Amino acid sequence: MEKSTNSGYLIKLTLVATLGGLLFGYDTGVISGTVGSLDSFFVMPKGLSETAASAFKGFLVSSALIGCIIGGVFGGLVSKKLGRKKGLVLAAILFLISALGSAMPEMFIGTLGELDHTYSTIFIVYRIIGGIGVGLASMLSPLYIAEIAPAKSRGKLVSFNQLAIVGGFMVVYFVNYFISRSGGSDEWLIEVGWRWMFASEVIPAGLFLGLLFFVPDTPRSLMLRNKPEEALDVLIKVNGEEEGTKILSEIEASMNEKSSGHILSFGWLVIIIGVLISVFQQFVGINVVLYYAPEIFKTISSGTDSALLMTILVGVVNFLFTIIAVNTVDKYGRKPLMVIGAAGMAVAMLSLGFVFFSGATGYLALFCICLLYTSPSPRDRG
């Protein structure tokens, strides 16, 4: 009797797609280990006023978010025109360009190794390019998994992408720590070490790009580009011949249905609430922790290595509690976990704010940040 699902093949495709999520977390988190170095290398030599220097530093650190917006806005168009697979290939290429360009902003326009603060604009451009890759991957990776996976396992497999995102944060925290340790001094980190942190992204980005050439596009994407034979072949490999043929018919039927009004089938209120949830996930202030955690932890220990080590602790807590969220979301439901998570984040951020206001910082800040990442909401922490 034919197996209904080729689980090994399905897992392989899912793991390749989740590398996009891992790079999402990696590219977003890598900046945290470089904030102090970028300040010393690019900002301080400009001789700006304190207010202007702080503003420029903030823009330097968060500039990738501009690219995220661009990638998110055009992600749908890219997935439609190029297909899901080629869209992910584009994201991987952008990750590679950003990794090399952020590490060597003088590349193509100057002599390699001769870099100073005047290249800050070029550095920002490369970070924006990486942000576009993040925006594309944040949309296309879960979309690819959702369209490949059978309905019965779709929710669980898509949740692997979230796990990959926080896994990317955790991995890059380890990488930043070991790169910092290898230099032996803060001077080396300011001059050279931060370059290696950005360059390290070449490895996962290159792996992602290479593996994408060994996976197919999704059945729906192939059907949208009038390739029913290829779509059926993928469906049969994943689901078996009988089920694959049935799913292909369902895809054809859904494509022939008129889509007008479908997006509003649940009403405007649900859509608005869904959008606002995503907005408030960013407004809670968690990006401050993502980008500045090592700088915060320097108030506990003057050493950069110790601050990065504490950041690793945050990354591990983040990863472990995301596993808990992924494994309990089907049991308890998304809404209860989001309510609990929102309450936990509110308590953690209020506590962290009071700690900073009182000037106590230190290990109290570490505790509050870890508490922030224990909130069991299956959210996108980026």
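## The loop between helix 5 and helix 6

Phe-108 is located in the loop that joins helix 5 to helix 6. In this predicted model, the phi angle of Phe-108 is positive, near 80°, although the residue is not a glycine. Phe-108 has a relative accessible area of 74% and is therefore classed as exposed, because the cut-off for that class is over 50%.

Met-104 belongs to the loop between helix 5 (84-103) and helix 6 (120-148). Its relative accessibility is 25%, so Met-104 counts as partly exposed. When residues up to four places away in sequence are set aside, Met-104 touches Leu-112 and Arg-195. Met-104 and Trp-196 are 92 residues apart along the chain, and their C-alpha atoms are separated by 9.6 Å.

## Helix 6 against helix 7

Helix 7 comprises residues 151-183, and its axis comes within 9 Å of the axis of helix 6, with a crossing angle of roughly 155°. Because of this angle, helix 6 is roughly antiparallel to helix 7.

On the side of helix 6, the contact involves Ser-141, Pro-142, Ile-145 and Ala-146, which meet Arg-154, Leu-157, Val-158 and Asn-161 of helix 7. Sorted by class, the residues in this contact of helix 6 with helix 7 are five nonpolar, two polar and one charged.

## Phe-160 in helix 7

Phe-160 is a residue of helix 7. It counts as partly exposed, because its relative accessibility is 26%. Leaving out residues up to four places away in sequence, Phe-160 touches Thr-14 and Thr-18. Phe-160 and Phe-56 are 104 residues apart in sequence, and the distance between their C-alpha atoms is 36 Å.

## Helix 7 against helix 8

Helix 7 also packs with helix 8 (residues 186-199): the axes come within 10 Å and cross at roughly 145°. The crossing of helix 7 and helix 8 is right-handed. Helix 7 contributes Asn-176, Ile-179, Ser-180, Ser-182 and Gly-183 to the contact, while helix 8 contributes Trp-188, Leu-189, Gly-193, Trp-196 and Met-197. Which classes of residue form the contact of helix 7 with helix 8? There are five nonpolar residues, five polar residues and no charged residues.

## The loop between helix 10 and helix 11

Asn-226 is placed in the loop between helix 10 (219-224) and helix 11 (228-239). Its phi is positive, about 60°, although Asn-226 is not a glycine. With a relative accessibility of 66%, Asn-226 counts as exposed.

## Helix 13 and the glycine after it

Helix 13 (residues 268-283) consists of 16 residues. From its first C-alpha to its last, helix 13 reaches 22 Å, close to the 22 Å expected at 1.5 Å a residue. Just after helix 13 comes Gly-285, which has a positive phi of about 95°.

## Helix 16 and its buried residues

Helix 16 has 25 residues, and the reach from its first C-alpha to its last is 36 Å, close to the 36 Å expected at 1.5 Å a residue. Which residues of helix 16 are buried? They are Leu-337, Gly-341, Met-345, Ala-348, Leu-352 and Val-355. An α-helix has 3.6 residues a turn, so residues three or four places apart point the same way. The buried residues of helix 16 pack against helix 14 (286-297), helix 15 (304-332) and helix 17. After helix 16 comes Gly-359, with a positive phi near 80°.

## Helix 16 against helix 17

Helix 16 (residues 334-358) and helix 17 (residues 362-372) have axes 8 Å apart and pack at an angle of about 165°. Helix 16 and helix 17 are therefore roughly antiparallel to each other. Their crossing, helix 16 past helix 17, is left-handed.

Helix 16 takes part in the contact through Met-345, Val-347, Ala-348, Met-349, Ser-351, Leu-352, Val-355 and Phe-356, and helix 17 through Leu-364, Ala-365, Cys-368, Ile-369, Leu-371 and Leu-372. By class, the contact of helix 16 with helix 17 holds 13 nonpolar residues, one polar residue and no charged residues.

Key:
Residues are numbered from 1 along each chain as its sequence is written. This is a predicted model: local features need pLDDT of at least 70, side-chain atom pairs count only at pLDDT 80 or more; totals for chains, interfaces and linings use all residues. Side-chain values use heavy atoms; hydrogens and water are left out. Helices (H or I, at least four residues) and strands (E, at least two) are DSSP runs, numbered from the N terminus. Buried means under 20% relative accessible area, exposed over 50%, partly exposed in between (1.4 Å probe, protein chains only). Contact means heavy atoms within 4.5 Å. Axes are lines fitted to C-alpha atoms, for helices over the stretch in contact, and angles run from 0 to 180 degrees between N-to-C directions. Angles under 35 degrees count as roughly parallel, over 145 as roughly antiparallel, 65 to 115 as roughly perpendicular and the rest as oblique. Ala, Val, Leu, Ile, Met, Phe, Trp, Tyr, Cys and Pro count as nonpolar, Asp, Glu, Lys and Arg as charged, and the others, Gly among them, as polar. The expected span of a helix is 1.5 Å times one less than its number of residues. A crossing is left-handed if the near helix is turned anticlockwise from the far one by less than a right angle, and right-handed if clockwise.
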